[in-house]
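Please look over the sequence and the structure shown below before reading on. The report that follows takes up a few residues and the elements around them.

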Amino acid sequence: MGILSGEDVAAPRKMFGQFAKIVLLRRISIRKAEQHNGLNLTQVQLLEYIRRHSGCPQREVAKALGISPPAVAMAVKSLKQTEYLTAAVCPENQRCKQLSITSKGEEALLTGCRAMEAFDAAAFADFSPEEMRLLEGMTTRICMNMERALGREPTGIEPQDLQTLVQEVAAAQTHHHT
């Protein structure tokens with residue numbers, strides 16, 4: 001397919017506008033959930049990871065989620081203060097902290113997840129399973145086409161994949177402003 005012209009340009013632009021609106025509306029729902037349970041998105045991601053990997057070292061969490069170690073340290077400090085997680089010193093390495101979620105943290109996480117799941121369910125309320133499969137396939141294809149158009153090998157949507165894109169955007173903005 002070649003370069004779009006005339007009326008053909010309007011449809012993709014409209015769709016990208018709709019994608020941007022979807023992202024903004026989801027951010028609003030995330031902020032509302034944060035106000036409801038007192039956890040920000042980074043804290044939710046940390047607690048989810050720690051719940052699945054109890055006793056994991058703090059460095060592992062940072063690497064797995066693509067979050068800087070200082071940001072993880074700040075989030076861990078906050079979550080410890082609210083008694084949502086514990087950080088025990090690793091016997092083999094006194095500088096290493098092993099993280100575990102508390103029952104209070106489990107409850108806060110569950111509350112936050114329920115709020116987001118309810119919003120997501122409402123967003124896709126009238127979609128059939130077949131429509132969901134088609135939509136997923138089409139958005140996956142759009143992502144792959146866009147990555148190829150940028151000369152990249154298509155990646156997934158894992159936290160590290162998205163973190164890499166965020167870092168590239170930040171680097172491009174820094175380069176653009178210098």
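In which helix is glutamine 43 found? The model is a predicted one, and in it glutamine 43 belongs to helix H2. With a relative accessible area of 7%, glutamine 43 is buried, because that value lies under the 20% that marks a buried residue. When its neighbours within four places in sequence are left aside, glutamine 43 is in contact with Gly38, Ala75, Ser78 and Leu79.

## Helix H2 against helix H4

Two packed helices are described by the angle between their axes and the distance between the axes. For H2 and H4, the axes come within 10 Å and cross at roughly 80 degrees, and the two helices are therefore roughly perpendicular to each other. On the side of H2 the contact is made by Gln43, Leu46 and Leu47, while H4 brings Val72, Ala75, Val76, Ser78 and Leu79. Sorted by class, the residues of this contact of H2 with H4 are six nonpolar, two polar and no charged.

## Helix H3 between two contacts

Helix H3, which covers residues 58-65, and helix H4, which covers residues 69-81, have axes that come within 9 Å and cross at roughly 120 degrees, which means that H3 is oblique to H4. The crossing in which H3 passes H4 is right-handed, and its contact is made by Gln58, Val61 and Ala62 of H3 together with Pro69, Val72, Ala73 and Val76 of H4. In this contact of H3 with H4 there are six nonpolar residues, one polar residue and no charged residues.

H3 also packs with H2, at an angle of about 115 degrees and with the axes 11 Å apart, and H2 passes H3 in a right-handed crossing. Here the contact is made by Gln45, Leu46, Tyr49 and Ile50 of H2 and by Glu60, Val61, Ala64 and Leu65 of H3. The residues of the contact of H2 with H3 divide into six nonpolar, one polar and one charged.

## The largest nonpolar core

In soluble globular proteins, nonpolar side chains tend to be buried together. The largest nonpolar core of this model has 22 residues, and those with the most contacts inside it are Leu46, Leu47, Ile50 and Val61. Two or more residues of this core are given by each of helix H2 (41-52), H3, H4, strand S3 (93-101) and helix H5 (103-123), and the largest share, five residues, comes from H2.

Isoleucine 50 is in contact with Cys56, Val61, Leu85, Leu99, Ser100 and Ile101, once its neighbours within four places in sequence are left aside.

## Two loop residues

Is isoleucine 67 buried or exposed? Isoleucine 67, which has its place in the loop between H3 and H4, is buried, with a relative accessible area of 14%. Not counting residues up to four places away in sequence, isoleucine 67 touches Thr42, Gln45, Leu46, Ala62 and Val72. From isoleucine 67 to tyrosine 84 the separation is 17 residues in sequence and 19 Å in space, taken from C-alpha to C-alpha.

Glutamate 83 lies in another loop, the one between H4 and strand S2 (85-90). Although glutamate 83 is not a glycine, its phi is positive, at about 65 degrees.

Definitions and conventions:
Residues are numbered from 1 along each chain as its sequence is written. This is a predicted model: local features need pLDDT of at least 70, side-chain atom pairs count only at pLDDT 80 or more; totals for chains, interfaces and linings use all residues. Side-chain values use heavy atoms; hydrogens and water are left out. Axes are lines fitted to C-alpha atoms, for helices over the stretch in contact, and angles run from 0 to 180 degrees between N-to-C directions. Helices (H or I, at least four residues) and strands (E, at least two) are DSSP runs, numbered from the N terminus. Angles under 35 degrees count as roughly parallel, over 145 as roughly antiparallel, 65 to 115 as roughly perpendicular and the rest as oblique. A crossing is left-handed if the near helix is turned anticlockwise from the far one by less than a right angle, and right-handed if clockwise. Contact means heavy atoms within 4.5 Å. Ala, Val, Leu, Ile, Met, Phe, Trp, Tyr, Cys and Pro count as nonpolar, Asp, Glu, Lys and Arg as charged, and the others, Gly among them, as polar. A nonpolar core is a set of buried Ala, Val, Leu, Ile, Met, Phe, Trp, Tyr and Cys residues joined through side-chain atoms within 4.5 Å. Buried means under 20% relative accessible area, exposed over 50%, partly exposed in between (1.4 Å probe, protein chains only).
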